[in-house]
Every structure is written in structure tokens, then in C-alpha cells.
Amino acid sequence: MTQRRWRAMKFGGTSVGSGSRMLHVADLVQQALQSHRVVVVASAAAGVTNALIAAAKAAEAGGDAALLAAPFRARHAEILVELAGALGGPQPALAREIDSIAAELENLLRGVTLLRDLPPTALAHISGLGERAACACLAAIFAVRNQPCRLLDPVEVLPCSGDPLAATPDTRQMYDRFASVRHGEHELCLMPGFFGGDGHGKRMSLGRGGSDWSGALAAAAIDAELLEIWTDVDGIASADPRLVGEAVRLPELSFDEAMELAHFGAKVLHPKTIAPAREKGIPVRVCDTFHPELPGTWIRAEVAPPEQPVRACTLLGQVALLTIAGPGMPGVPGVAARLFSALADRQISVIFITQASSECTISLGIATVDAERARQAIEQAFEAEIAARRVDPVELRVGLSILSVVGEGMRTRVGIAGTFLGALGQVGCNVVAIAQGSSERSISAVVADADAERGLRHVHHCFFGTRETVSLILCGLGTVGGRVLEQLAELQPTLATGPIHLELLGIASSSRFLVQRGGLDPRTAKQDLDERGEPGDQGALLAAVAREQPLQPILLDCTASASLAVDYPRILRAGLHLVAASKQANSASLWHYREIRRVAQRHRREFRYETNVGAGLPVMATLRSLLDGGDKVVQFEGILSGSLSLLCGLLDDGVPISQAVAQARAAGMTEPDPRDDLSGLDVARKVLILARETGMELELEQVQVSGLLPADFDASGPTEAFMARLPQLDERMAELVAQTKWEGSVLRYLARFSREGCQVGLQAVPLQQPLAAVRGGENAFAFLTAHYQPRPLVVRGYGAGAAVTASGVLADVLTIARSSLR
């Protein structure tokens with residue numbers, strides 16, 4: 001009778017992390033036994049290996065062996081209690097086996113304590129005790145269930161050589177030693193992962209995460225039909241789900257893609273796991289222990305072409321970059337060979353390499369833990385050249401990560417590198433070094449640790465078209481800021497299924513701020529600031545935002561703060577886009593106006609201010625459209641203040657100026673102190689901004705400003721005192737209105753600019769002109785241009801009000817967000 005094919009099942013630490021989970025593993029194995037013979041490779045219970053290594057190091061420092069071994073005993077005692085309830089009572093034989101392993105641990109720790117030394121062979125032995133304990137528990141479960149099981153000792157069947165803590169398996173010998181397994185009668189075999197033996201009875205560790213490798217080696221040694229890696233996630237994702245919430249499960253990968261992903265940091269697989277399966281052509285399935293019904297990820301030799309050119313994005317942290325350069329390197333054969341030989345002699349692995357085409361520079365990426373040893377090794381190898389100044393001293397940079405994109409589809413698509421580097425640039429990630437494999441299956445960039453997660457999330461978004469999270473930081477909680485919060489809350493249902501997610505990352509008043517990961521609820525943000533906000537200035541706010549590493553941060557300036565406007569260049573340099581409802585920055589000095597734009601362009605940040613002039617009316621967009629199309633503004637005239645438009649209309653109707661101002665103030669159409677509107681300074685700022693947009697080089701002081709009130713009127717003192725004196729102007733203003741009407745005109749507060757200059761003031765406008773009809777709070781903007789004449793292009797409407805301004809601010813936000821989707 002032909003024997004059934006083998007299946008290898010490797011279970012990770014979370015899969016065997018408790019008694020109940022071990023029972024579930026046994027269920028999965030027995031289901032597999034219905035169709036296959038099975039080899040099970042088990043890790044230690046989650047957290048045990050770390051605890052064992054920590055105990056060993058504490059023993060080396062003189063710790064008490066019994067106390068250091070106690071957590072291991074306690075953890076497995078809990079598992080035994082849990083198993084006893086499910087297996088019909090205590091299992092004395094299992095208890096003795098666990099006690100024996102714990103006693104072995106205590107004896108080893110005692111020896112380390114006495115010697116104050118932790119040899120690699122001792123650490124390899126200690127660190128593998130968790131796997132032995134987990135397999136003892138699984139064997140006991142199978143025994144109670146009357147399922148015959150052969151326990152394999154890796155010391156006997158997995159021969160290794162080399163570094164005891166990073167051993168190299170001898171796969172040919174292993175295949176021979178598994179002959180009795182392949183041809184034996186046992187349907188189920190059980191083997192601890194993570195370690196092997198040196199041929200003389202000593203344990204050798206395969207290194208951290210080596211249990212996956214053990215599973216793959218066992219699969220190859222038994223000619224398995226399938227290798228399953230059982231873990232706590234449903235397969236391999238397009239990025240680490242802990243860092244990229246929008247990551248998706250990958251249904252399949254090629255062996256080569258999987259090897260690239262594992263090498264560059266994919267957490268689910270050990271980097272060396274795929275090679276044994278690839279060599280034998282054994283399919284690998286990565287699946288979820290706790291949801292076995294889910295499909296997981298299949299890894300095969302041949303897979304269907306991916307829809308996207310990139311299959312997945314990875315991030316490998318704790319990387320250092322060593323650079324060797326010098327005038328004596330070009331054209332000299334053997335430089336790279338000497339470099340790699342020096343590192344190989346110290347058993348230092350190279351993760352990443354890039355060489356300048358001039359041959360003047362070679363950069364290597366290695367694990368940070370090896371950085372200093374690597375630097376010393378290279379400088380020793382090139383000691384003579386460094387002394388002769390033909391080679392520079394080795395440059396070492398730490399605090400780096402390698403961000404990679406991997407996919408078979410990259411070989412047949414153009415523009416992948418451009419998209420990759422462009423995505424990093426969009427979120428302000430500086431690339432330290434870049435390399436592409438000759439297979440064109442991966443592109444890697446070295447970036448600073450501080451930028452790495454942000455870069456990963458945006459690169460994934462650009463390649464996979466996932467939702468873009470735009471993080472808003474709202475400064476100013478007055479009338480406009482309050483309406484922004486209200487409208488942001490109203491927008492959420494509309495945006496819920498779209499490509500953009502607006503998150504209120506932070507808010508700030510003049511003295512306090514609050515930044516919250518995951519975002520604040522706009523409906524309760526003001527209360528949250530009162531209850532949990534912390535004191536601080538703009539610098540403290542920017543530092544708090546930087547710690548959250550948002551992908552697309554946008555600061556909304558809904559204040560009237562001149563100090564915040566001064567900080568715009570710093571905000572842009574910090575990687576934030578800017579949306580300004582405030583006119584302070586754009587009407588500040590011409591140098592500052594230019595500096596904001598220079599910094600925004602250099603750092604590829606957006607600076608939008610559509611509501612500076614016209615609030616919700618499309619004034620700035622219309623002007624930009626004219627200029628972009630090659631048109632030129634010859635002259636501009638406009639009514640730029642809704643409050644002054646209302647006042648002039650009331651004066652037309654015969655309302656005394658004192659009553660007109662009081663009515664406008666009561667309706668909320670003026671500032672709390674109406675003199676802020678009546679002075680004309682706000683209109684002057686607006687017309688200055690428009691003039692500057694057309695290319696005019698003006699300072700605010702160059703705008704000729706005449707207020708609505710006569711210059712000789714005493715407008716000093718407190719607001720209420722000023723309001724009490726206003727009736728003194730009623731008769732005088734009524735006479736002016738009457739005289740203007742007799743002349744066939746009406747009074748309007750106009751702003752005007754042309755090549756002759758820029759003026760703001762109360763003017764008589766003939767009734768036949770378009771601006772004469774603008775009143776009651778309306779704004780109007782008349783652009784006489786090279787293309788629009790003799791009749792100007794007019795934009796007219798009710799642009800004032802906090803609600804309209806808030807809508808314009810959020811429209812600017814969405815414009816920036818949508819630009820990142822393209």
C-alpha cells in the first residue's frame with residue numbers, strides 16, 4: 001500500500017501560547033492527519049524565548065538562578081493547570097518532564113552565575129528550552145487522545161555547524177537522518193523548532209525566528225507536499241498591518257517575492273524559510289491558527305501576475321549605513337571583494353549595497369548592532385589606503401531604516417521608481433541611498449527612522465490606492481474655527497466611503513493645544529482641549545504633531561495671529577501643508593510673502609488661501625486661471641468688504657450712519673469693534689493680496705487707504721464711547737449721500753489697483769457702472785484684463801460670513817488631499 005504524502009505544519013509562539021491554544025493546535029493537526037502524514041514543528045510559547053535570554057544575561061551579571069528560573073516554571077505551571085481541566089485531570093508524566101526542563105534551566109543558569117560568563121553554546125542551549133517544553137505539552141495531548149506521535153530531537157536530526165547562535169544546517173545530512181521518518185510507520189512526528197545539534201550532542205541555535213526555518217528544513221527533509229506556517233495573522237499582507245491600517249492580505253506570492261519580502265523585513269516569515277521549500281518546489285501556505293477557515297497566503301513557484309506592479313511594501317528598521325569613498329577607488333580591481341571579505345571574516349551580514357557609477361563610493365546597509373564592528377573591520381582592511389589618503393575614513397550613519405517595494409510586476413511596468421521616490425518626496429522623506437536588484441523585483445530606499453513609518457504608509461497608499469488619511473491641525477477656535485469644526489463633523493458621513501479620510505489630529509487656541517493619535521471628535525474637540533489640553537506655543541504644537549508622523553498634515557490658520565503668520569516658513573519646513581483663512585501672512589512684508597512661497601516650493605508643500613479674498617467666492621481661483629492662461633490684469637476694481645457693502649446700502653436707503661453701524665454690528669457683519677472694518681485696513685490687506693498675485697511688488701504701506709469715516713472725526717476711545725459719538729456724523733454723512741445721488745451716483749467703498757498704484761476708499765460710483773448695484777453685504781470683483789475688455793470679468797456674490805469662510809477652508813483642504821491622490 002502506498003504511504004500518504006507528508007505535510008509539515010509549523011506553529012508559532014502565539015499559536016502555542018496557552019493550554020487552550022495548544023489543544024486547538026492538536027485539533028488542527030488531527031484534521032490534517034485525515035489526508036496527510038504530518039510533521040509538526042513548534043515554537044516556544046509566546047514570550048518564553050525572550051524571557052530565557054533575559055534570564056541568561058541576568059545570570060551572567062550574578063543573578064540568583066532559582067529566582068531567574070521561577071518565571072519559566074510559573075508560565076508552564078499555568079499551562080499544565082489549563083491542560084488538566086481539558087485532559088481529564090493532572091498529567092504526572094508531563095509535569096515531571098516540565099520540571100526536568102525547568103531544573104535543567106536552573107542548573108545552566110547556576111553555572112553561568114558561578115562563572116560570570118555566558119558562552120554562546122550555553123545561550124543556545126538555554127534559549128531552546130521553551131520549544132522543548134511546548135513539544136512536551138503537545139506530545140502529552142496527543143497521548144491522551146491516543147494519537148501515536150514520534151518525538152524528534154533536533155540535536156540528532158538537524159545537524160549544524162558554525163556560530164552556535166546563528167548556525168548553518170547541513171541539509172544533505174539532515175535529509176539522510178530523516179530517512180527513518182520518511183519511510184517509517186509513524187503518521188505524526190513532533191519536533192521542537194529553533195535549534196539543531198553540532199554532531200557532538202551540543203545544541204546550536206538557528207537564530208531569532210529560526211523556528212520557521214526549522215519547519216522549512218523539516219518539510220524539505222520529508223519531501224513534503226505542503227508546508228504550512230501557522231501564525232496569528234491571516235497570511236502575508238501588502239504591508240505590516242500594525243503600521244499600515246489599510247494593508248490587504250495577499251492571496252499568493254512567488255518564492256522569489258517572498259524571499260525578497262522576508263529579507264527586507266516582512267515579520268511573518270524568517271528570511272531563510274523560503275529557500276528549502278523553493279529548492280524542493282514545496283508550496284508554502286501562511287495561515288491563521290485562530291481562523292483556520294481563512295485562505296491565508298500561498299507561496300508557489302508560479303503565480304498569476306499581480307494587478308498592481310508592486311506586490312507589497314516592507315520596512316526594515318535598526319539599519320546602519322557605512323560608506324567608503326575616496327580618490328583611490330575608481331578603476332582599482334578587488335575593492336568590493338576586500339570590503340565583503342573584511343565583513344565576512346567578522347560574520348557580519350550585508351543587507352543592502354549601492355555603488356556610485358564613478359566607482360568612487362560604495363555604501364553598505366547592515367544591522368545597527370554590527371555597525372561599530374563593521375566600521376573597524378573596513379578601516380582595518382583599508383588601513384594603508386586611509387593612511388595614504390587614497391580612501392577616506394569610513395562614514396557611519398545610524399538611525400536608519402530600509403523601505404522597499406517588491407513585486408514580479410515591476411519588471412514589465414515603467415515608472416515604478418518614479419512613483420516610489422515621488423511618494424517619499426510628497427511626505428518629506430529624504431532618501432539617503434537607493435538600490436534596485438538586477439532582477440527588477442525590488443527597489444529599496446534608505447531613510448531616517450523618524451520618516452520611515454510615514455513613508456511606508458504613503459508609498460503603500462500610492463501603489464495600492466487605499467484611502468488617504470489627511471490630518472488636520474486647527475489653530476483658532478473663534479467664530480470661523482468653530483464653524484470649521486461643525487462642518488467637519490457634517491462632512492464625515494459624506495467622506496466615509498470615499499478615497500479621503502479627514503482626521504482632526506490636533507487643535508490649538510492662543511495658549512493651549514491638544515494632539516491625539518487617531519484623531520479628535522470635531523463635536524467635542526473644544527471640550528477636549530479645555531479638559532486635556534496642555535500649555536505651549538507653536539513650537540510645542542509642531543513637535544507634538546511630528547511625533548505622530550502624519551502622512552498628509554495640514555495646518556488650518558483660522559486665527560488673526562500675526563505671530564502664527566510669522567511662523568509659516570517653519571510650519572512648511574516641518575512638512576505641513578498650510579491653509580490660511582487669516583490674511584496676516586499674505587499681507588505682511590513682501591520679503592515674508594516671497595519666503596513663504598520659496599519654502600513651500602522647496603519642501604513641496606501646498607499653501608492655499610482661497611478665503612483670504614472673497615471668502616467663499618471663487619476669486620483667487622478665477623484670478624489664477626486668468627494668469628495661467630497668459631492673460632494680464634490691466635485694472636482691478638472691487639467691493640471687498642461685506643460689512644462695508646451693507647453699510648453703504650443702508651446709507652442709500654436713508655438710514656443714518658450711527659444706526660447703520662449699529663444694525664451691521666448687531667447682525668454680526670462687523671468685527672466686535674466696528675472701527676476694524678470702518679478703517680479700511682482689512683480691505684487694504686485684501687487688495688494688496690490680489691495685487692501681489694498679479695505680480696505687483698507692493699508693501700502694505702504703499703496702499704493708499706481712506707477710511708469710511710471722515711479723517712477729522714474723533715474715533716478714539718473705547719468701543720461704546722465711539723458708538724455714542726457716531727450720531728455726530730449722521731447729518732454730515734446724509735448730506736454726502738444726498739449730494740452723490742444728485743450727481744447720479746452712489747457711495748461705495750472701493751478697492752482699486754493698476755500700474756499707477758493701489759487705493760482703498762469711499763468713492764462715488766455712477767449708477768450705470770456694475771459696482772453701483774452691489775450692496776446689502778455683497779462683494780464684487782471686476783478684472784479688466786488684456787482679454788476681458790472693454791467689459792471686465794466680474795465675480796459677484798455674498799462671500800462673507802463664518803460659515804462661508806469655513807466652507808472655503810475645507811474646500812482648500814480637500815484640494816490639497818485630492819492632489820496627493822493623482
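How many bridges join β14 to strand β15, and do they run parallel or antiparallel? Four bridges join them, and the two strands run antiparallel. The close-ups below come from a predicted model.

**View 1. An open sheet is built from six strands.**
The strand order is β14-β15-β13-β16-β18-β17, and the pairing is antiparallel. Two strands stand at the edges: β14 (352-355) and β17 (431-436). Each edge strand has a single partner strand, so one side of each is left without a neighbour in the sheet. On average, neighbouring strands are turned by 30 degrees against each other, direction ignored. Now look at the contact between β14 and β15 (residues 361-367), with its four bridges. Here Ile-353 has Leu-364 in β15 as its bridge partner. Strands of a sheet pair through backbone hydrogen bonds, either parallel or antiparallel.

**View 2. Strand β24 runs parallel to β23 and to β25.**
Four bridges join β23 to β24. In this pairing, Leu-555 stands opposite Leu-578 of β24. Two bridges join β24 to strand β25 (residues 607-608). There Val-579 stands opposite Arg-608 of β25. How does the chain cross from β24 to β25? The path goes through helix α23 (residues 590-602), and this β-α-β crossover is right-handed.

**View 3. The side chains of β24 point two ways.**
Strand β24 covers residues 577-580. His-577 and Val-579 point one way, while Leu-578 and Ala-580 point the other way. All four are buried. In a regular strand the side chains alternate between the two faces of the sheet.

**View 4. Gln-552 makes polar contacts with Glu-468 and His-577.**
Gln-552 belongs to strand β23 (residues 552-557). Is Gln-552 buried or exposed? Gln-552 counts as buried because its relative accessible area is 4%, and the cut-off for buried is under 20%. The side chain of Gln-552 has a polar contact of 3.3 Å with the side chain of Glu-468. Another polar contact, of 2.9 Å, joins the side chains of Gln-552 and His-577. His-577 is a residue of β24 and is itself buried.

**View 5. Phe-636 and Phe-783 form an aromatic pair.**
The whole structure holds seven aromatic pairs. In the pair shown, the ring centres are 5.1 Å apart and the planes are at 45 degrees, a tilted arrangement. Which parts of the chain does the pair link? Phe-636 sits in strand β26 (residues 633-639) and Phe-783 in strand β30 (residues 779-785). These distant parts of the chain place the two residues 147 residues apart. Both phenylalanines are buried. Ring pairs also bring in Phe-753 and Phe-781, which form a cluster with Phe-636 and Phe-783.

**View 6. Two arginines lie over aromatic rings.**
Arg-338 lies over the face of Phe-382, at 4.3 Å from the ring centre. Arg-597 lies over the face of Tyr-593, at 3.6 Å from the ring centre.

**View 7. Phe-11 is a buried residue of strand β1.**
Strand β1 spans residues 6-11. Phe-11 has a relative accessible area of 0%. Which separation do the C-alpha atoms of Phe-11 and Val-41 have? Their C-alpha atoms are separated by 6.3 Å, although the residues are 30 residues apart along the chain.

Note on methods. Residues numbered from 1 in each chain as written. Predicted model: local features only at pLDDT ≥ 70, side-chain atom pairs only at ≥ 80, totals over all residues. Heavy atoms only, no water. Phe/Tyr/Trp six-rings, centres within 6.5 Å; stacked < 30°, edge-to-face > 60°. Buried < 20%, exposed > 50% of the residue type's maximum accessible area, 1.4 Å probe, protein only. Lys NZ or Arg CZ within 6 Å of the ring centre and 35° of its normal. Polar contact = N/O pair within 3.5 Å; in protein donor to acceptor, adjacent residues only side chain to side chain. Pairing = 2+ DSSP bridges. Right-handed = clockwise from strand over helix to strand, strands pointing away. Axes fitted to C-alpha atoms, helices over the stretch in contact; angles between N-to-C directions.
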